[in-house]
Structure formats: C-alpha cells, structure tokens
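Visitor: I would like to go through this model with you, beginning with the ligand and its surroundings and ending with some details of the backbone.

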Amino acid sequence: MAGSAPLSGPSGGVALVASGSARGEQQISNDQLGQRVDTNDEWIRTRTGIQARRICGPDQSLSGLAADAGREALSMAGWDADSLDLVLLATSTPDDLFGSAPKVQALLGARNAVAFDLTAACSGFLFALITASQFLRTGAMRRVLVIGADQLSSWVDWDDRRSCVLFGDGAGALALEACPADQDGLLGFQMRSDGSRGECLNVPQSRDRRPLVDGSSHQGGHYEPIQMIGQEVYKFAVREVPAILKALLQDTATSADQLDWLLLHQANQRILDAVADRFAIPHSQVLTNLANYGNTSAATIPLMLDEAVRDGRIQPGHRIASSGFGAGLSWGAALLRWQGPS
Ligand code: UT7
C-alpha cells in the first residue's frame, strides 16, 4: 500500500512539530547480563551493536513512560495538553489488555483528546504516525500526539540468551499538527504485512479448555514470553527493508543523496549498516542509538528521532527516510520532513 497521494477528499499537510522521549531507569550492561545467561559483551557487541539496555524500575510503567515522552513533546511544541484532539499510543505491551492510551491521556491531562492503542510491534510507531496523519489531512483533527512505547522487559524470557540480550524499555513521542499542503512533513509512505510468517517472532498465548456450565467450556490461558527465530527475522529485515525503502523513494521521486538521515527501527547495527550500504548512504547519516538502548520495539524510531532533534543533528527542513519492521510480520516506511516548533 502506498500513500504519497490521497485517492480523494481534502488533502492538507501534516507538520512534524516536536518530539519527546523517556526510558527505563535501570541501565543493564552486556557484562551484567552475563550474570544471568551464558553470554558476553564481545558476542553481543559484534553481533548486534548493543552495549546496554534500559529496563523499567519498580515504580515505572508503560503508561508512565509514554506520558513522560508525551509531556516532553508537548513542552517542546509549547502546546497545552487541552489542545490535543488525539493521543495515539503504539504499543504491544500495554499495562492493560484493553489498552493504555486512555491512561496516558489522563496522565497528560489531555481532556479533549480521544485516545486509543494501535498494535503493530516494531512497525507500530510508523503505522500510528501514518494513521494519525489521515485525521489531520482530512481536517477532522488539528493536533495529535503519537507515542511509541514498549516495556518488552516484562515479556522477555530472561533465560533465553538468543533473544534476551536484544531488548529494552523506552518511549518516544511526536507532536503533529495540521498544516497547509505545501508544508507537508509526511511526503510518502508504504505499509506491508505478512501474517503467514508471524511465527518468526511472537508472544503466543497458551490456551486450554476449562469447564463453564454443563456441556459448555470457555478458553483460558496466558501469554508465553517472546519467541523469536533470530536468523529468519534478520533475513526478513535485510530483504524487505531495502525493498520498501526503494519503493518509497521511487514513489516520492527522491534519490538517496537527497536524504539527510536514515532512521531505521533499531534492531541490530548489522541490519542498519546493510540497508545503508544498499543505498550507498554514508554511515554518518544513519541515526543509531542501539548501543545504549537495544531494541525498544515501537519506541526505537521516536526515541532516536528525539535524541537527534535535541542534540541538533536533525534541523528544520531535513528529509528523513524511516523504516520500521518486526513482528506480524509487519514493515513500513515513511519519508519525513522535520519542521520543529514555531
Ligand atoms: O524487531 C525485530 C526484532 N528481532 C530482530 O531484529 C532479530 C534479528 N536477528 C538478529 O539480530 C540475529 O539473528 C541475532 C543477533 C538474534 C543472532 O545473531 P546470529 O548471528 O544470527 O547468531 P545465531 O542465532 O546464528 O547464533 C550463532 C551462535 C549459536 O551458537 P552455535 O549453535 O553456533 O554454537 C548461538 O547459540 O551464537 C550463539 N548465541 C549466543 N552466544 C552468546 C546466541 N545468542 C548468544 C548470546 N551470547 N547472547
């Protein structure tokens, strides 16, 4: 599915105004993980680029992280929480199975905003950004907060060295505002899903039948920890991410040398480098903070974006090609133009 031009209807622009982020308060190094599983710093660093990850402390929660990131974005934008029309939370790890966005809305005091969750694992933030943008383009809404947040530490099998070394907890937020079409900050997008390959990476439910009343039963169960076939996910990423980025660049008539930044889902430094090399994008233009956080799922893209905005690497007018990929399987890409606060 491509989306650079709407099929019909009004078509305003979407301004990328401000960002924020939050992270788990406990920093766990590779060496520390070696206390738990048979691994070591050298293996993790050379195979993934990860040096440490941030894990939520006892008083932190998914909703709290998401609200902290959202507050930072509101503050950068200079917006009152009351002015928001929508709080869209991309997460696969809500505090509440019914969704955590309303809790985040309450924590922010965004009394006029509708709030709901969107689940698409590591593609969740990009899918949420694209979804929220539709409300802004049509004029149905004016101001939106999109948050990507995940607390994967609650769902990792901490005795499985093949997966536990990869993940961490974080949140990132982006404040979006309707704007004239010629100032549009979402220049194009692509989205894909392939559920037939979903078992490469999932959090499956264990189900059993339990008696309900005479002659009837109900299903009960619980979720298992994260299961991942790492090599399959790796192959998927290095095949599909370049393909979807190529489609994005073609669709928007953009060449790789017109990009200021490549902002990929932070899963593995080798994946980032392989994708950059396919487009001959210098590694200095590839945004990465994987070393400090590992894979924070829906949070990686906005967390990285926020750090690069705050340290001045991303400037108003910069063009950013972004791609998210992961469980589902799902993957997507978007060409963004950063505006910043006015
Ligand atoms: O959002 C998407 C999330 N998932 C991903 O992005 C995962 C993508 N996949 C990857 O990043 C890589 O496949 C991994 C980093 C997960 C694994 O790297 P790999 O180069 O594919 O390693 P491997 O699975 O082929 O394992 C190589 C060896 C095995 O030992 P043997 O069988 O060759 O003796 C593993 O048992 O490395 C061993 N190993 C480890 N050793 C030390 C696996 N995990 C570890 C570990 N420490 N943590």
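Visitor: How far from an oxygen atom of the ligand does a polar side-chain atom of arginine 47 lie?

Guide: The model is a predicted one, and a polar contact here is a pair of N or O atoms within 3.5 Å. Arginine 47 is listed with Thr39, Arg161, Gln231 and Asn268 as the closest of the 21 residues that surround the ligand. The separation between its polar side-chain atom and the ligand oxygen is 2.8 Å.

Visitor: What percentage of the area that the ligand exposes when taken alone does the protein bury?

Guide: The space that the ligand takes up is the largest pocket. Taken alone, the ligand exposes 950 Å², and the part of this that the protein buries is 75%.

Visitor: Which element gives the largest share of the shell around the ligand?

Guide: The shell draws at least three residues from each of two domains, domain 1 (12-183) and domain 2 (186-197 + 225-337), and its residues divide into 9 nonpolar, 7 polar and 5 charged. The elements that contribute two or more residues are α2 (41-48), α6 (161-164) and α7 (230-251). The largest share, 4 residues, comes from α7.

Visitor: Which residue caps the N-terminal end of α2?

Guide: At this end of the helix, a side-chain oxygen lies 3.2 Å from the backbone nitrogen of glutamate 42. After α2 comes glycine 49, with a positive phi near 85 degrees. The residue that supplies the capping oxygen is asparagine 40.

Definitions and conventions:
Residues are numbered from 1 along each chain as its sequence is written. This is a predicted model: local features need pLDDT of at least 70, side-chain atom pairs count only at pLDDT 80 or more; totals for chains, interfaces and linings use all residues. Side-chain values use heavy atoms; hydrogens and water are left out. A residue is near a molecule or strand if one of its heavy atoms lies within 4 Å of it. A polar contact is a pair of N or O atoms within 3.5 Å; within protein, one must be able to donate a hydrogen and the other to accept it, and residues adjacent in sequence count only if both atoms are side-chain atoms. Accessible areas come from the Shrake-Rupley method with a 1.4 Å probe; for residues, only the protein chains shown count as cover. On a 1 Å grid over the protein atoms alone, a cavity is a set of points where a 1.4 Å probe fits but cannot get out, and a pocket is an open set with protein on both sides within 12 Å along at least five of seven lines; lining residues have an atom within 4 Å of a point. A molecule sits in a cavity or pocket if more than half of its atoms lie within 2 Å of its grid points. Ala, Val, Leu, Ile, Met, Phe, Trp, Tyr, Cys and Pro count as nonpolar, Asp, Glu, Lys and Arg as charged, and the others, Gly among them, as polar. Domain bounds come from an automatic or database domain assignment.
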